[in-house]
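Subject: Structure handover

Hello,

Here is the structure I promised to pass on. Please open it first, then read my notes below.

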Amino acid sequence: MPDAALPASAERSGYDATYAAWHHDPAGWWAARAAALEWTRPPTIAFDATLGAYGRWFPDGVLNTCHNALDRHVAAGRGNQPALIWDSPMTGRQARYSFAELTDRTARVAGALAALGVTKGDRVIVYMPMVAEAVIAMLACARLGAIHSVVFGGFAAAELASRIADATPKVIISASCGLEPGRTIAYKPLLDAAIAISPHKPSACLILQRPELEAAMTEGRDHDWAAAERGATPHACVPVAATDPLYILYTSGTTGRPKGIVRDNGGHAVALNNTMAMLYGVGPGDVFWAASDVGWVVGHSYIVYGPLLAGCTTIVYEGKPVGTPDAGAFWRVCAEHRVKALFTAPTAIRAIKRDDADGTLLRRYDLSRLEALFLAGERCDPDTVVWAERLLGKPVIDHWWQTETGWAITGNFRGLGLFPVKPGSGGKPSPGFDVQVLDEASRPVPPGTIGDLAVKLPLPPSCLPTLWHNDQGFRDAYLAQHPGWYTTSDAGMIDQDGYVSVMSRTDDIINVAGHRLSTGAMEEVLAAHQDVAECAVVGMRDALKGQVPLGLVVLKAGVTKPEAMLVAELVAMVRDRIGPVAAFKEARVVPRLPKTRSGKVLRATIRRIADGQDYAVPPTIDDPASLDEISALVAPR
Ligand code: COA
Ligand code: AMP
């Protein structure tokens with residue numbers, strides 16, 4: 001049924017009809033959506049299959065993403081409408097910016113960046129906590145046609161360094177500190193360390209001094225944000241090709257080396273703008289809150305670009321779902337700022353459920369304006385969906401997506417009339433995605449059969465056209481396994497009603513509290529310890545975070561160090577090299593790792609043992625007794 005509360009821009013033709021309309025004429029369907037934006041030169045071609053690895057969207061279009069996210073709304077008379085609300089229980093402060101104010105600040109910061117030499121196509125790394133200036137920094141880059149690469153604050157200096165080395169930024173924008181419950185994180189020493197490690201050095205850094213902890217500045221390289229913004233000449237929007245990159249977002253790959261996901265300007269703006277009404281059911285003037293971090297794709301798409309492109313008010317929240325001050329924090333924000341749609345990770349809801357199971361805190365707030373809760377980032381257990389639905393009395397919508405796509409591959413579409421929710425499923429394919437489950441020979445399998453979740457090429461607008469400076473890596477990682485298809489690296493199934501369920505990754509990626517991490521990268525760190533001969537890291541089930549990493553290490557001959565001391569060293573190493581976000585807290589010493597006869601570590605079997613699940617002894621195992629040893633050491637106690 002159509003939803004009476006939806007904005008006028010929402011489509012009302014129903015999911016099946018809309019999906020069929022897209023499927024019948026993808027180029028025409030997307031061309032119609034492109035018309036919702038302002039173009040310097042409107043595209044005459046929606047899709048050119050001859051360009052890039054699988055074709056490019058809007059190849060002759062010219063636009064500016066920042067213009068569409070800010071200036072366009074001011075010109076349309078909505079300058080006084082709130083664009084961004086910063087709500088920080090960590091500092092006890094809040095701030096509000098109208099579209100006019102956000103445009104003005106962004107234009108000045110763009111001017112400050114231009115004065116530091118940043119021009120179209122230059123890269124700028126943004127390493128910032130959840131402050132309004134993080135969003136301004138991203139939009140200022142977009143305004144100049146510069147390419148931002150935001151690095152999540154929970155990564156260690158070495159991870160930041162690898163991104164600096166790969167993106168070779170002209171400028172890095174950072175802040176003096178971030179605030180986590182119980183500790184102030186000095187960002188500047190981390191940044192200085194990363195620049196020292198990286199072979200590439202930026203020519204300048206723009207540093208936001210926060211009153212909680214001021215940073216020492218490096219003479220000649222570091223510039224004070226406030227002074228630079230004050231003294232800058234506002235910069236106009238620079239027109240760019242729709243196919244020019246807007247940003248690079250590094251995400252965990254199957255090796256320790258992160259992958260630079262490239263997002264273009266045109267396709268991204270068209271797809272994201274379209275999702276606000278079609279999927280989330282919001283429009284101009286509505287308050288949309290993605291309780292995530294600007295360092296993740298959810299933050300890029302739905303704290304920054306999606307809501308602002310659609311003229312919504314967005315919220316930048318510097319706090320946690322629990323403990324800042326309690327499990328009512330999300331509901332307080334929703335009530336206080338009249339949030340219409342909330343998007344967060346299942347982990348956050350599990351944390352709230354753990355502390356406020358009967359909803360005592362939730363009932364303190366007026367949630368009458370909240371219309372739906374959206375969840376993504378990790379598989380959501382049905383209990384959590386059912387709990388949230390019962391307490392909120394509103395639709396709770398699980399939707400599946402990846403950094404690579406930038407928006408939901410599957411979902412449930414408020415703008416098209418919701419279909420019934422099936423807890424445990426991520427909904428049905430978004431118009432734009434032809435999702436199928438494939439077997440090893442790339443053949444679609446019957447409904448209800450588990451296999452590789454794949455998307456028929458071409459991918460829709462906003463999905464990655466390639467990896468930064470690594471076209472071959474893109475082809476190898478995503479297009480080679482199933483020719484003609486994009487491999488998601490997720491396994492799952494589609495039922496007879498068309499609902500997609502995502503069960504697990506097919507690679508070494510684990511999802512810890514909605515954060516995507518590579519166990520391979522952690523193994524590289526453990527293997528570098530002087531006492532470790534061999535190691536394996538697997539994702540072990542966790543009631544709160546979904547998964548947490550568990551390390552198994554085999555020691556070199558003759559090592560007699562006590563296990564507790566060794567584990568403490570390994571934990572510190574992962575924290576130091578990857579960052580606290582890895583949540584690597586558990587490791588065990590084992591006499592040997594179970595392997596196949598060809599020497600492959602049986603990680604999937606180890607994971608089942610660690611989760612306390614039944615497991616079959618693989619026929620290819622080298623020595624079945626090795627599994628009994630592991631069972632005795634890692635099975636849940
Ligand atoms: N900067 C620096 N450190 C950070 C950080 C940041 N931006 N974000 C997290 N960390 C640190 C935390 O302080 C913690 O450090 P600790 O080991 O010293 O305690 C560590 O990284 C792990 O953080 P996290 O996984 O967030 O666990 P937590 O125990 O601190 O909090 C939850 C648990 C459930 C409250 C938290 O995981 C959460 O809010 N989850 C929601 C997930 C989410 O929004 N995901 C985004 C994808 S949509
Ligand atoms: P990221 O790139 O960090 O967004 O992580 C993407 C991965 O998270 C996907 O490939 C899935 O493994 C997982 N994921 C994201 N959303 C969902 C969901 N709704 N259900 C199941 N898994 C999900």
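How many Å separate a polar side-chain atom of Asp398 from a nitrogen atom of ligand 2? The distance is 2.8 Å. Keep in mind that this is a predicted model.

**Ligand 2**

The shell around ligand 2 holds 15 residues. The closest are Asp398, Thr403, Asp490, Arg505 and Arg516. Two of these also reach oxygen atoms of the ligand. For Asp490, a polar side-chain atom sits 2.6 Å from an oxygen atom of ligand 2. For Arg516, a side-chain N or O atom is 2.7 Å from an oxygen atom of ligand 2. How much of the ligand does the protein bury? On its own, ligand 2 exposes 500 Å², and the protein buries 93% of that. By type, the shell residues split into 6 charged, 5 polar and 4 nonpolar.

Next, look at strand S8, residues 171–175. Is this strand mostly covered or mostly open? Mostly covered: 5 of its 5 residues are buried. Val171, Ile173 and Ala175 point one way from S8. Ile172 and Ser174 point the other way. Residues on both sides are buried.

S8 pairs with strand S6, residues 123–127. The two run parallel and are joined by 4 bridges. In this pair, Tyr127 stands opposite Ser174 of S8. S8 also pairs with strand S11, residues 204–208. That pairing is parallel too, over 5 bridges. Here Ala175 has Leu208 of S11 as its bridge partner.

**The four-stranded sheet**

There is also an open sheet of 4 strands. In which order do they lie? The order is S23-S24-S25-S26, and the pairing is antiparallel. Strand S23 (435–438) and strand S26 (500–505) form the edges, each pairing on one side only. From one strand to the next, the twist averages 50°.

S23 pairs with strand S24, residues 451–456, in the antiparallel sense over 4 bridges. Leu438 stands opposite Asp452 of S24.

As background, strands of a sheet pair through backbone hydrogen bonds, either parallel or antiparallel. You can see both kinds here: S8 with S6 is parallel, and S23 with S24 is antiparallel.

Then move on to S8 and its buried residues.

Best wishes

Definitions and conventions: Residues numbered from 1 in each chain as written. Chains lettered and ligands numbered in written order. Predicted model: local features only at pLDDT ≥ 70, side-chain atom pairs only at ≥ 80, totals over all residues. Heavy atoms only, no water. Near = heavy atom within 4 Å. Polar contact = N/O pair within 3.5 Å; in protein donor to acceptor, adjacent residues only side chain to side chain. Areas by Shrake-Rupley, 256 points an atom, 1.4 Å probe, with all protein chains shown as cover. Nonpolar A, V, L, I, M, F, W, Y, C, P; charged D, E, K, R; others polar. Buried < 20%, exposed > 50% of the residue type's maximum accessible area, 1.4 Å probe, protein only. Pairing = 2+ DSSP bridges. Axes fitted to C-alpha atoms, helices over the stretch in contact; angles between N-to-C directions.
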